Amino acid sequence: MEPTAKLVSEGPSGLLQSDELYNYVLMTSVYPREAEILKELRDAIANHPQSYFATAPDGGQFIALLLKLLNAKKTIEVGVFTGYSLLLTALTIPQDGKIISIDVDREAYEFGLQFIKKANVEHKIDFVESQALPVLTKLLENTLNNLILLLFCVSAKSESSFDFAFVDADRANLMMQNYHERLLRLVRVGGVIMYDNTLWGGTVALADPSSAHPMRQFAWKDTIEFNKMIAGDPRVDISQVALGDGMTICRRIY
Ligand SMILES: C[S@@+](CC[C@H](N)C(=O)[O-])C[C@H]1O[C@@H](n2cnc3c(N)ncnc32)[C@H](O)[C@@H]1O
């Protein structure tokens, strides 16, 4: 079958067949269980020009379930924006859990910080304003030069010490591959790395992206290459989940 532009979805339903079906999922399974403070954050950013950046609540529910299945205590978040997935993670991990969260945009993080404070989970979060890759490198070298070292790395080295990592930034394949190599060393055996946007609005199934939204033409090839790379990586168990914009779950085997 020749792939067509019909495969591409940019509406609120993500990759589902209809908005009605998506609404059904939200109304039945997601909204009734979403923490009030997450709803407040969602409402507060509803009119933000990049509100679509935020992890959708159904994707968030899935992340929270994975965190609980893993008994995750120590996590990494690449791509924070105003912190929906960050707050959700902080609400899910135990009181002494820690999240190292990295974003180049401090302003967006600080907007979400009021909700993090209101939820009394700020003590679990270390925000680093930076490009993510050098921070991951420094974590591996144990050379991250601030309080984070104290919080994360004094009693144990960073290598193989994280339970979970969520990557929701930077689409370029080289970057994603670089993240993958570092995160595979940072996450423990049995730990999980989760990549967002791996179906790229459905465009990964197109033979030619020219019919897709210009935003999707960017990183179209990179996403396809990344998916191929992950599918061929024997170091991880994987599942490509058609949730939101596509999420790939990788469990470190060795
Ligand atoms: C899709 S948003 C993250 C959404 C977030 N997970 C949430 O639930 O609201 C992507 C974020 O990645 C950040 N970003 C993009 N490239 C980056 C990089 N190289 N290093 C760190 N952050 C980056 C952007 O500033 C943006 O805030």
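This is a predicted model: local features need pLDDT of at least 70, side-chain atom pairs count only at pLDDT 80 or more; totals for chains, interfaces and linings use all residues.
Reader: What share of the contacts comes from residues 24 or more positions apart?
Author: Taking the contacts with a separation of 6 or more, residues 24 or more positions apart account for 70% of them.

Reader: OK, on to the ligand: which residues come nearest?
Author: There are 20 residues around the ligand, and those that come nearest are Thr-55, Asp-103, Gln-131, Asp-168 and Asp-170.

Reader: Which ligand atoms are 2.8 Å from an N or O atom in a side chain?
Author: An oxygen atom of the ligand lies 2.8 Å from an N or O atom in the side chain of Thr-55, a nitrogen atom of the ligand is at 2.8 Å from such an atom in the side chain of Gln-131, and for the side chain of Asp-170 the ligand atom at 2.8 Å is a nitrogen.

Reader: How much of the ligand's accessible area does the protein cover?
Author: On its own the ligand has 610 Å² of accessible area, and the protein covers 88% of that.

Reader: How do the residues of the shell divide?
Author: The shell around the ligand has 9 nonpolar, 6 polar and 5 charged residues.

Reader: Changing topic, what is phi of Asn-120, and where is that residue?
Author: Phi of Asn-120 is near 60°, a positive value in a residue other than glycine, and Asn-120 sits in the loop between helix H5 (106-118) and strand S3 (125-129).

Reader: Is Asn-120 buried or exposed?
Author: Its relative accessible area is 59%, which is over the 50% cut-off, so Asn-120 counts as exposed.

Reader: And what about Asn-197?
Author: Asn-197 has a positive phi too, near 65°, and its place is in the loop between strand S5 (187-196) and helix H9 (214-217). Asn-197 counts as buried because its relative accessible area of 14% is under 20%.

Reader: Last one, why does the span of helix H10 agree with what it should be?
Author: Helix H10 (residues 220-231) has 12 residues, which at 1.5 Å a residue should span 16 Å, and its end C-alpha atoms are 17 Å apart, so the two agree. The buried residues of H10 include Trp-220, Thr-223, Phe-226 and Ile-230.

Technical notes:
Residues are numbered from 1 along each chain as its sequence is written. Side-chain values use heavy atoms; hydrogens and water are left out. Contact means heavy atoms within 4.5 Å. Helices (H or I, at least four residues) and strands (E, at least two) are DSSP runs, numbered from the N terminus. The expected span of a helix is 1.5 Å times one less than its number of residues. Buried means under 20% relative accessible area, exposed over 50%, partly exposed in between (1.4 Å probe, protein chains only). A residue is near a molecule or strand if one of its heavy atoms lies within 4 Å of it. A polar contact is a pair of N or O atoms within 3.5 Å; within protein, one must be able to donate a hydrogen and the other to accept it, and residues adjacent in sequence count only if both atoms are side-chain atoms. Accessible areas come from the Shrake-Rupley method with a 1.4 Å probe; for residues, only the protein chains shown count as cover. Ala, Val, Leu, Ile, Met, Phe, Trp, Tyr, Cys and Pro count as nonpolar, Asp, Glu, Lys and Arg as charged, and the others, Gly among them, as polar.
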